[in-house]
Amino acid sequence: MSELYKLGVKELSDKIQSKEVSVTEVVKETFSRIEATDEQLEAFLTLNEEKSLEMAKELDAKGPSSDKPLAGIPIGIKDNIVTKDLLTTAASKMLYNFNPPYDATVMTNLYGANMIPVGKLNMDEFAMGSSTETSYFKKTKNAWSDKKVPGGSSGGSAASVAAGQIPASLGTDTGGSIRQPASYNGIVGMKPTYGRVSRFGLIAFASSLDQIGPMTRNVEDNAMILNAISGHDVHDGTSAKKEVPDFTSMIGQSMKGMKIGVPKEFMTEGVNPEVRKSIEEAIETYRELGAAVEEVSLPHSQYGVQVYYIMASSEASSNLQRFDGIRYGYRTENISNLEDVYVNSRSEGFGEEVKRRIMLGTFSLSAGFYDAYFKKAGQVRTLIVEDFKKVFKDYDLILGPVSPTIAHDFGTDKDNPVTAYMRDILTIPVNLAGLPGISLPCGFSEGMPVGLQLIGNYFEEEKIYQAASAFEAATDFHKKKPVILGGNA
């Protein structure tokens, strides 16, 4: 096997465009790499080999085209994004046999860019979890250590990119599910502004929070993928009617004059000291690059987790009502009347964490408790949004850690879901406010990657990429590779 799998999106694109390699070679090597590593990693749920090779042959016959820089680039797809005629399970027994009759808009956009979706990636069931341990099918490992979780819910999307199975993947982020696994695996993960990328064809968890985004091994690659998947979509009522800029346009520009705020609430005693040290060193790097970095406050962000678990669970309890054993998906054999179809199909088809959130959400929406829980959570969400707006009046970006800790061992949170919920305390406020945020590698603790989070104002992803690329150019954290990718970590 050659070492094409070590290349990123831009590097592969240059080789395909110059005809140094054919798309067929790239795709064949991708599947060889997956075959060689996935027994250890367990990132993929379904492969799309036959169709991928057909697409590769067609692209080779046409020859490269400079207006399609992503043509022939393999990409992995999180398994809650529907793919026509390709099994889509959301990592749940409930959808173990679901072959969608249509493609999600992001898939249509990827095909339009001539990218090659090579398969579907493991995740927490219905994206509910932050370790990929709630998947019904597999236990995906962290690319840096098979004893550590890959994060979640986009754990398969992160681990597969970090391990060099694929140069890029799509994940989804409802409360940190792109940024946290990106941080745990030492890669770049962008959660775009809410509405920037169509949600049509994304199996809904919490509709006011979910957003699809790219995961790659460096910043420029990430911006290239976001270029391909962004844009207004008539099928999604929450899709923004905004022009899509070239997200790579500000990469490499100077940081001089940029103002960055560091919320004191993001740097508390609850953050692991080594993680905090990495973030403090990143702050110094930005000062050396010419940015002004100052402490700010997001006073209501401390309530983010509580607000999120009420609002997200309430939306989930509504969204998941469609899985009833009638139209598609899992249907119980244990039936003596119509009620059994509903109750037993759902009881047997959903995992523990999904049931927990459905019950929490149903309770929060129930007649006697709606005002005390759901309505109150909505009011506090507004206060969180206002906090961000105040800071963005004076600052270009907000900086902090992605997660208070590095990736933890498997089974750590098994008996304490609240501990697991608190791991998202630094990412959740971004989703509640609908803002864009990125994770990029900024250090190591106990041999595991630490992620730096940069948060931007609405629809200012280019500014985030500008700052992320400046940090990447000034440091070498993104060059460090896990053993599975030939590194010596």
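For sorting residues by class, Ala, Val, Leu, Ile, Met, Phe, Trp, Tyr, Cys and Pro go down as nonpolar, Asp, Glu, Lys and Arg as charged, and the others, Gly among them, as polar. With that in hand, the lining of the largest cavity splits into eight nonpolar, three polar and two charged residues. Keep in mind that this is a predicted model.

**Enclosed space**

Rolling a probe the size of a water molecule over the atoms shows where empty space is left. Here the count is three cavities of 30 Å³ or more, and the largest cavity holds about 70 Å³ of space. Its lining takes in 13 residues, and Leu-4, Tyr-5, Leu-12, Thr-30 and Pro-167 sit closest to its centre. Helix α2 (residues 23-41) supplies the largest share of that lining, three residues.

**Open space**

On to the largest pocket, which holds about 490 Å³. It is lined by 27 residues, with Glu-133, Thr-134, Glu-353, Arg-356 and Lys-414 closest to its centre. The elements giving two or more residues to this lining are α10, α11 (352-365) and α13 (417-422). The top contributor is α11, with five residues.

**Helix α10**

One of the pocket-lining elements, α10, deserves a visit of its own. This helix runs over residues 338-349, 12 residues in all, and spans 16 Å from its first C-alpha to its last, close to the 16 Å expected at 1.5 Å a residue. Which residues of α10 are buried? They are Asp-340, Val-341, Asn-344, Ser-345 and Gly-349. These residues are on the same side of α10, because they cover an arc of only 115° around the axis.

A few spots are worth a look if you are checking torsions. The peptide bond from Gly-152 to Ser-153 is cis, with omega near 10°. Ser-153 belongs to the loop between β3 (116-121) and α5 (155-162).

Then there are the positive phi values. Lys-19 has phi near 65°, positive in a residue other than glycine, and it is found in the loop between α1 (9-17) and α2. Is Lys-19 buried or exposed? Lys-19 is exposed, because its relative accessible area is 61%, and the cut-off for exposed is over 50%. Glu-42 is not a glycine either, yet it has a positive phi of about 55°. Glu-42 is placed in the loop between α2 and β1 (44-47). With 23% relative accessibility, Glu-42 counts as partly exposed.

**A buried serine**

Last stop is Ser-13, which lies in helix α1. Ser-13 has a relative accessible area of 4%, so it is buried, the cut-off being under 20%. What lies 2.6 Å from a polar atom of the Ser-13 side chain? That would be the backbone oxygen of Pro-69.

Terms used: Residues are numbered from 1 along each chain as its sequence is written. This is a predicted model: local features need pLDDT of at least 70, side-chain atom pairs count only at pLDDT 80 or more; totals for chains, interfaces and linings use all residues. Side-chain values use heavy atoms; hydrogens and water are left out. Helices (H or I, at least four residues) and strands (E, at least two) are DSSP runs, numbered from the N terminus. The expected span of a helix is 1.5 Å times one less than its number of residues. Buried means under 20% relative accessible area, exposed over 50%, partly exposed in between (1.4 Å probe, protein chains only). The arc is that of the directions from the helix axis to the C-beta atoms. On a 1 Å grid over the protein atoms alone, a cavity is a set of points where a 1.4 Å probe fits but cannot get out, and a pocket is an open set with protein on both sides within 12 Å along at least five of seven lines; lining residues have an atom within 4 Å of a point. Grid points are joined across faces, edges and corners, and a volume is the space filled by probe spheres set on the points. A polar contact is a pair of N or O atoms within 3.5 Å; within protein, one must be able to donate a hydrogen and the other to accept it, and residues adjacent in sequence count only if both atoms are side-chain atoms.
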